[in-house]
Amino acid sequence: SALALDDLLAIGLRGNQGVKIAERNLDAARASRRGSYSGLVPSLQASLNQDMNPKEIEVAGGYRIEPKPYSSSMYVSQTLFDGGASWYNKRSGDNGVDRARVGLTKARNDALLNISQAYYRLLSALELLEVAEEAADLSRRQLELVEERYRLQAVRESDLLKARVN
């Protein structure tokens with residue numbers, strides 16, 4: 001069964017390596033853009049520590065205890081001024097995503113164009129084949145007619161040879 005052009009286009013887009021690569025490039029550009037925001041948002045660091053070698057402490061009454069000392073810390077930092085580098089990085093990330101989107105659109109359009117051209121070349125070739133088959137059939141019938149006339153000596157041998165060549 002023949003597939004419609006729309007079906008072929010859908011199948012072609014799914015299997016096209018150029019489109020797949022462009023989609024991955026867009027994903028990578030989006031991830032890169034997320035990283036470009038790092039200079040604009042505050043950073044947070046937190047830690048929790050435990051002393052692995054505590055020293056025993058003697059308390060009142062002669063008791064000795066072994067403490068489990070823990071410490072924790074938290075740092076928040078925010079860049080106040082970097083000469084506009086953070087904004088430049090953000091804009092660069094946005095431009096990267098825009099370029100990747102354009103690349104994906106181009107890859108899709110190229111694939112659609114190539115599939116459509118191949119489809120119409122196939123249709124044209126099928127029509128030419130049909131015309132050639134009809135011409136061959138007509139030539140066969142013409143040859144049969146000329147052969148019959150030759151047997152009846154109504155045409156010369158040169159006419160028969162021309163019909164065979166055709």
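A salt bridge is taken here as a side-chain nitrogen of Lys or Arg lying within 4 Å of a carboxyl oxygen of Asp or Glu. The structure is a predicted model, in which local features need pLDDT of at least 70 and side-chain atom pairs count only at pLDDT 80 or more, while totals for chains, interfaces and linings use all residues. Residues are numbered from 1 along each chain as its sequence is written, and side-chain values use heavy atoms, with hydrogens and water left out.

A search of the whole structure returns 10 salt bridges, and among them is the pair formed by D98 and R101, whose closest N and O atoms are 3.5 Å apart. These two residues are separated by about one helical turn because they stand 3 residues apart in helix α3, helices being DSSP runs of H or I with at least four residues and strands being runs of E with at least two, numbered from the N terminus. With relative accessible area classed as buried under 20%, exposed over 50% and partly exposed in between (1.4 Å probe, protein chains only), D98 is partly exposed at 37% and R101 is partly exposed at 38%.

Helix α3 also holds R91 and D94, which are again 3 residues apart, about one turn of the helix, and whose side chains meet in a salt bridge of 3.6 Å, N to O.

Two surface patches were identified, patches being made of residues with over 30% relative accessible area and no salt bridge, with like charges joined within 9 Å and nonpolar side chains (Val, Leu, Ile, Met, Phe, Trp, Tyr) within 5 Å. Accessible areas come from the Shrake-Rupley method with a 1.4 Å probe, and for residues only the protein chains shown count as cover. Y120, L122, L123, L126 and L129 make a nonpolar patch of about 470 Å²; L129, found in helix α3, is partly exposed with a relative accessible area of 45%. A patch of negative charge gathers E127, E130, E133 and E134, where Lys and Arg count as positive and Asp and Glu as negative, with His and the chain ends not counted, and where the place of a charge is NZ of Lys, CZ of Arg, CG of Asp or CD of Glu. E134 lies in helix α3, which spans residues 85–151.

β1 pairs in the antiparallel sense with strand β4 (residues 70–77) over 8 bridges, pairing being assigned if DSSP finds at least two bridges between two strands, and S47 stands opposite S73 in β4.

In the loop between α3 and α4 (157–165) lies Q153, which is exposed at 72% relative accessible area. The phi of Q153 is near 60°, a positive value in a residue other than glycine. Most residues other than glycine have a negative phi.
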